[in-house]
Amino acid sequence: MSQTEDDRAMPLARFLTEVMTLLTDQPDADEILVERVKFLRFAEAEGRFDDVLAVLSSH
């Protein structure tokens, strides 16, 4: 996604390793989330939406 030079981007090899581990451990999962994305995925449910939006807007 044009982020190979972005220090904030998750390295592809690490992403693939984590996803493959999750798929192996949870073959029937409805959703696969790497740890790094959970702060976004659950922001609204955990009452952190405004904080996450502020973090994303500052970059």
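Q: What average pLDDT does the protein have?
A: pLDDT is the predictor's confidence in each residue, from 0 to 100. Where pLDDT is low, the predicted coordinates should not be read in detail. Here the protein averages 89, and 92% of the residues score at least 70.

Q: What does the radius of gyration say about the overall shape?
A: It's taken over C-alpha atoms, and the globule rule is 2.2 Å times the number of residues to the power 0.38. A compact globule of 59 residues would come out near 10 Å, but this protein has 14 Å. Its C-alpha trace spans about 35 × 30 × 15 Å along the principal axes.

Q: How many of the residues count as buried?
A: Buried means under 20% relative accessible area, exposed over 50%, and partly exposed in between (1.4 Å probe, protein chains only). Of the 59 residues, 12% count as buried.

Q: Which residues make the nonpolar surface patch?
A: Patches are made of residues with over 30% relative accessible area and no salt bridge; like charges are joined within 9 Å, nonpolar side chains (Val, Leu, Ile, Met, Phe, Trp, Tyr) within 5 Å. Areas come from the Shrake-Rupley method with a 1.4 Å probe, and for residues only the protein chains shown count as cover. In this model, Leu-12, Phe-15 and Leu-16 make a patch of about 290 Å². Leu-12 sits in helix α1 (residues 12–25) and counts as exposed because its relative accessibility is 59%.

Q: How many salt bridges are there?
A: The criterion is a side-chain nitrogen of Lys or Arg within 4 Å of a carboxyl oxygen of Asp or Glu, and the count is 3. One of them joins Glu-31 and Arg-41, at 2.8 Å from N to O. That pair links distant parts of the chain, 10 residues apart: Glu-31 is in the loop between α1 and α2 (38–41), Arg-41 in helix α2. Glu-31 is partly exposed at 39%, and so is Arg-41 at 42%. Lys-38 pairs with Glu-35 at 2.8 Å, N to O; Lys-38 is partly exposed at 29%, whereas Glu-35 is exposed at 54%. Arg-48 meets Glu-46 at 2.7 Å, N to O, and Arg-48 is partly exposed at 24%.

Q: Where does the side chain of Ser-58 reach?
A: For a polar contact, look for N or O atoms within 3.5 Å; within protein, one must be able to donate a hydrogen and the other to accept it, and residues adjacent in sequence count only if both atoms are side-chain atoms. The Ser-58 side chain reaches the backbone oxygen of Val-55 at 2.8 Å. Ser-58 lies in the segment after α3 and is exposed, at 58%.

Conventions
Residues numbered from 1 in each chain as written. Predicted model: local features only at pLDDT ≥ 70, side-chain atom pairs only at ≥ 80, totals over all residues. Heavy atoms only, no water. Helix = DSSP H or I, 4+ residues; strand = E, 2+ residues; numbered from the N terminus.
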